[in-house]
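Thanks for coming. Please look at the structure on the screen while I go through a few of its features.

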Amino acid sequence: MIDFHCHLDLYPDPQEVLRGIDARGTYVLAVTTTPKAWRGTKKLVGERKRVRVALGLHPEVVGQRHQEVALLCGLMPESRYVGEIGLDGSLQHKSTLDLQQKVFTRILAESARLGGRIMTIHSRGAATAVLDALESEPRAGVPILHWFSGTKSELDRAIALGCWFSVGPAMMRSSKGRELASLMPLDRMLTETDAPFTKSGPAPLMPWQAYDCLSAVAAAREIAEHDLGGIIRRNLRRITQMNSPFELLHHDKPVLTPNY
Ligand code: MN
């Protein structure tokens with residue numbers, strides 16, 4: 001099982017979640033919303049091989065925390081994974097969109113300068129602006145658009161730019177989410193929960209429940225769920241060996257090493 005976008009540090013009891021992850025052998029990318037949380041989350045995860053921590057500055061907190069972009073850029077040489085970053089153009093956050101764009105483009109530029117990062121990206125209400133920024137910084141690394149909710153033409157553009165996509169149970173609950181997932185390239189798809197913000201009934205989704213979306217995705221693609229599981233596993237192995245959308249890294253050892 002693979003959860004490529006989860007906020008491990010924001011669960012009420014992250015250690016309990018980690019015990020569940022260990023028991024099930026789940027692969028997890030734990031994103032952070034501020035660079036101040038990165039070291040603490042890494043410490044929490046310890047030496048686990050299947051759990052990686054991404055260095056992030058969430059667009060929803062950029063209004064308050066934009067100065068922390070300097071800290072993020074300072075830590076970036078130490079982290080192969082960057083996220084959650086991106087832009088949020090929804091009603092509640094569009095007043096900070098200019099600031100968000102400054103922060104996001106600075107992170108992409110730093111990422112490019114360091115040779116590229118694997119990036120998990122938020123694009124709610126701002127898909128075109130996110131794609132514009134990615135297009136102007138083609139060496140920033142491998143972008144994964146998490147819970148993509150743009151239009152079909154924005155999706156086409158994202159695909160042409162080499163973006164990957166992470167989809168999850170919450171996304172597959174809406175018909176728009178299912179339609180977008182039916183159009184994404186299967187060889188660039190990963191699974192996620194975005195938990196603990198997403199729920200299963202009253203409780204937050206757990207990382208190992210990311211695969212609850214497989215049956216809906218498989219149905220939308222008219223393939224067997226088991227085959228889709230195999231594709232997602234191969235995708236994880238592939239993305240950990242990439243430094244840019246169109247090139248595989250051969251000189252670098254994959255940092256996250258799936259052992260199937
Ligand atoms: Mn998130």
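Helices and strands here are DSSP runs, numbered from the N terminus: a helix is H or I over at least four residues, a strand is E over at least two. This is a predicted model, in which local features need pLDDT of at least 70, side-chain atom pairs count only at pLDDT 80 or more, and totals for chains, interfaces and linings use all residues. Residues are numbered from 1 along each chain as its sequence is written, and side-chain values use heavy atoms, with hydrogens and water left out.

I start with the loop between α9 and α10 (225-239), where E222 sits. E222 is not a glycine, yet its phi is positive, about 55°. Is E222 buried or exposed? Buried means under 20% relative accessible area, exposed over 50%, and partly exposed in between, with a 1.4 Å probe and protein chains only. E222 has a relative accessible area of 75%, so it is exposed.

Now D194, in the loop between β8 and β9. D194 is not a glycine either, and its phi is positive at about 60°. Its relative accessibility is 9%, so D194 counts as buried. In that loop, between β8 (189-191) and β9 (199-200), we also find P196. The peptide bond from A195 to P196 is cis, with omega near 5°. Another cis peptide bond joins G83 and E84, with omega about 10°, and E84 belongs to strand β4 (residues 81-86).

L205 is buried, at 1% relative accessible area. Contact means heavy atoms within 4.5 Å. Leaving aside neighbours within four places in sequence, the residues in contact with L205 include A195, Y11 and P169.

Next, helix α2 (residues 38-45). Which of its residues are buried? They are W38, T41 and V45. Seen down the axis of α2, these fall within an arc of 65°, so they line one face of the helix; the arc is that of the directions from the helix axis to the C-beta atoms. In general, an α-helix has 3.6 residues a turn, so residues three or four places apart point the same way. The buried residues of α2 pack against α1 (14-24), β2 (27-30), β3 (51-53) and α4 (69-75). After α2 comes G46, with a positive phi near 65°.

Last, the whole chain. It has 10 helices and 12 strands, and buried residues make up 57% of its 260 residues.
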